[in-house]
Amino acid sequence: MEQILFKQVDFPSPVFGSALHKTWGYHSSGFNWLAHLDEDPVIQGRPVILQSKDCHALWASSKAVEASMPFPNEVEGGVIVRDDAGNPTGVFLDNAQELLKQPKLTEADLVRRFRVAVRDAHALGLTSVHDAGLDPASLAFFKSQVEVGTLPIRIYGMSFFDENQEYWGNTTEPIIGAGNDRLTARSVKIFADGALRTGGAALYEPYADNPSTSGFMRLDSEILFDFIPKFLRDGWQVVSSNVHAIGDRANGLVLDAFEASLKGANVTALRPRLEHAQIMTVADMKRLGRLGVIASVQPTHAISDMWYAQDRLGPERVKLLYAFRSLIDNGARITLGSDFPVESMNPLSGFYAAITRLSIDGTSPNGPNGWFPEQRLTRQEALRGMTIDPAYASFTEKILGSLEVGKRADYVVLSQDIMVIPPNEILGTKVLMTALDGEVVYEAHSPQ
């Protein structure tokens, strides 16, 4: 958990803050999560909820827990972490997060956050973002922004899938290229499992550092087999369904569902997408390539997780984690992202991580050549992974993703040529200018 968010439940407005932690070892024996929060003088006596950086866990104070009770004994697709006496410890994983009462964001909150996000995105050279998991309120907000004017950034949205709702793929029209190609929402985001960081990724074998669990699926596999073919049939990308899968068991089950759904289908027209694809068996890597499913991966996750990954997975299984080169060698098409705010929004961080597999200070558990250096990408592959490949993954490769006559003039000007400078200089590169449709939306100020 690199950054966390303070939220007050009963107060007029949320309180924001940050803290530094590496990972949540929520199953640590004897650790009193509630007491740890409640002894903080700022938090004491207040309903406060902290979000893990991967958004797969919440950590709540006693007041926030009390305000949200009672809780069910079990939660399908989630965990209420309890002590030996069966009492909630204040940690809620995946679907159990929905049990905590939180303040709703106002329109003013959304506008303020959006302006800050767009400002930062432009300053880092981003012209398009893929928003993985639009809830109805977020989608309604983006649509309202299109109606009142031109969106200041391109958004490829993935509608959040709620397995408890009626199927809506045949009654809702996908949004394609609204507002001068600024807003598209033709994809569905299905969460298959949790995160490796919080121990919720669904594995075939138990975690090496917690043999009592092998993680969990956030939904029943029957739902995947039921809904994925429906969404694909009705013209949605599952990224017309986009499925979040991290553990090897989750990835295997999702590929089972894709394989059953894609028989006789035009995969190029559907472009199904596996979000994260963090750990896969060798057999499933081959199947991914054979089926034509896009692997959407995040290189910065690799250099964040490499410090604890072997403890969690063991020395052999860890070799299959973030195995980007193996995915490509098995015929898979990949696209690169950041998963911000889980990791840095800066695309240069992802470029650096992809080609070096080193931390920012140039180190790794495997030495100065990188963490499992055989899995590094070339600079050309990394650049494509942030330009033309995500354009393909969002059905926009004919208008975005490369500088060609007839395409939209979205571009960035950098202070250095990242294709030739030494790797340790990449993160020192500055964005000098960002343009969208030929209009400059960010320009660096010269030092006075």
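Modeller: Helix H14 (residues 347-356) has nine of its ten residues buried, so the rest of the structure largely encloses it. Here buried means under 20% relative accessible area, against over 50% for exposed and partly exposed in between, with a 1.4 Å probe and protein chains only. This is a predicted model, in which local features need pLDDT of at least 70 and side-chain atom pairs pLDDT 80 or more, while totals for chains, interfaces and linings use all residues. Residues are numbered from 1 along each chain as its sequence is written, and side-chain values use heavy atoms, leaving out hydrogens and water.

The buried residues run from Leu348, Ser349, Gly350, Phe351 and Tyr352 to Ala353, Ala354, Ile355 and Thr356. Among the elements that cover them are helix H11 (299-305), strand E13 (334-336) and helix H15 (379-385), where contact means heavy atoms within 4.5 Å and the elements are DSSP runs numbered from the N terminus, with at least four residues for helices (H or I) and at least two for strands (E).

At the N-terminal end, Asn346 caps H14, with a side-chain oxygen 3.0 Å from the backbone nitrogen of Leu348; a polar contact here is a donor and acceptor pair of N or O atoms within 3.5 Å, and residues adjacent in sequence count only through side-chain atoms on both sides. After H14 comes Arg357, whose phi is positive, near 55°.

Elsewhere, Ser68 in helix H2 (residues 62-68) also counts as buried, at 5% relative accessibility, and its side chain reaches the backbone oxygen of Ala64 at 3.0 Å.
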